[in-house]
Amino acid sequence: MINKEFALHDVVEMKKQHPCGENRWKIIRMGMDVRIKCLGCEHSVMLPRKDFAKKMKKVLEHGSA
């Protein structure tokens, strides 16, 4: 399995799109859990880091430091 690198404020693409139709999410919190916010409707979801890494497809944009 490829180790996926992601950081706070990165914009990522998930394998499944959100019901609003958007597939881009912004990472807004990291720790044991990762909170991501949909860039379409601003809904946020918290996932365990392991599940997030499995469901993430790729990093689209790297966030500012």
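How many bridges pair E2 and E3, and in which sense? The two strands pair in the antiparallel sense over five bridges. The legends below start from that pair.

This is a predicted model, in which local features need pLDDT of at least 70 and side-chain atom pairs count only at pLDDT 80 or more, while totals for chains, interfaces and linings use all residues. Residues are numbered from 1 along each chain as its sequence is written, and side-chain values use heavy atoms, with hydrogens and water left out.

**View 1. Five strands form an open sheet.**
The strand order is E4-E3-E2-E1-E5, with antiparallel pairing. Strand E4 (44–48) and strand E5 (56–61) stand at the edges. Each has a single partner strand, so one side of each is left without a neighbour in the sheet. Neighbouring strands are turned by 40° against each other on average, direction ignored. Such angles are taken between axes, which are lines fitted to C-alpha atoms (for helices over the stretch in contact), and run from 0 to 180 degrees between N-to-C directions. Helices (H or I, at least four residues) and strands (E, at least two) are DSSP runs, numbered from the N terminus. Two strands pair if DSSP finds at least two bridges between them.

**View 2. Bridges link E1, E2, E3 and E4.**
E1 and E2 pair in the antiparallel sense over three bridges. Here Val-11 has Lys-26 in E2 as its bridge partner. A hairpin joins E2 to E3 through two residues. Arg-29 stands opposite Arg-35 in E3. Strand E3 (residues 33–38) also pairs with E4, in the antiparallel sense, over five bridges. There, Asp-33 has Pro-48 in E4 as its bridge partner.

**View 3. Ser-44 lies in edge strand E4.**
Buried means under 20% relative accessible area, exposed means over 50%, and partly exposed is in between (1.4 Å probe, protein chains only). The side chains of Ser-44 and Arg-35 are joined by a polar contact of 3.2 Å. A polar contact is a pair of N or O atoms within 3.5 Å; within protein, one must be able to donate a hydrogen and the other to accept it, and residues adjacent in sequence count only if both atoms are side-chain atoms. Leaving aside neighbours within four places in sequence, Ser-44 is in contact (heavy atoms within 4.5 Å) with Ile-28, Arg-35, Ile-36 and Lys-37. Trp-25 is 19 residues from Ser-44 along the chain, and their C-alpha atoms are separated by 8.9 Å.

**View 4. The largest nonpolar core has 12 residues.**
A nonpolar core is a set of buried Ala, Val, Leu, Ile, Met, Phe, Trp, Tyr and Cys residues joined through side-chain atoms within 4.5 Å. Among the members are Phe-6, Trp-25, Leu-47 and Phe-52. Strand E1 (11–14), strand E2 (24–30), E3 and helix H1 (49–55) each give two or more residues. Which element gives the largest share? E3 does, with three residues. Not counting residues up to four places away in sequence, Leu-47 touches Met-14, Asp-33, Val-34, Ile-36, Phe-52 and Lys-55. In soluble globular proteins, nonpolar side chains tend to be buried together.

**View 5. Asn-23 sits in the loop between E1 and E2.**
Asn-23 is buried, with a relative accessible area of 18%.

**View 6. His-9 and Glu-42 have positive phi values.**
Most residues other than glycine have a negative phi. His-9, in the segment before E1, has a positive phi of about 75°. Its relative accessibility is 35%, so His-9 counts as partly exposed. Glu-42 is found in the loop between E3 and E4. Its phi is near 70°. Glu-42 is partly exposed too, with a relative accessible area of 49%.

Among the elements, E5 has the lowest mean (92) and E3 the highest (96).

Technical notes:
pLDDT is the predictor's confidence in each residue, from 0 to 100.
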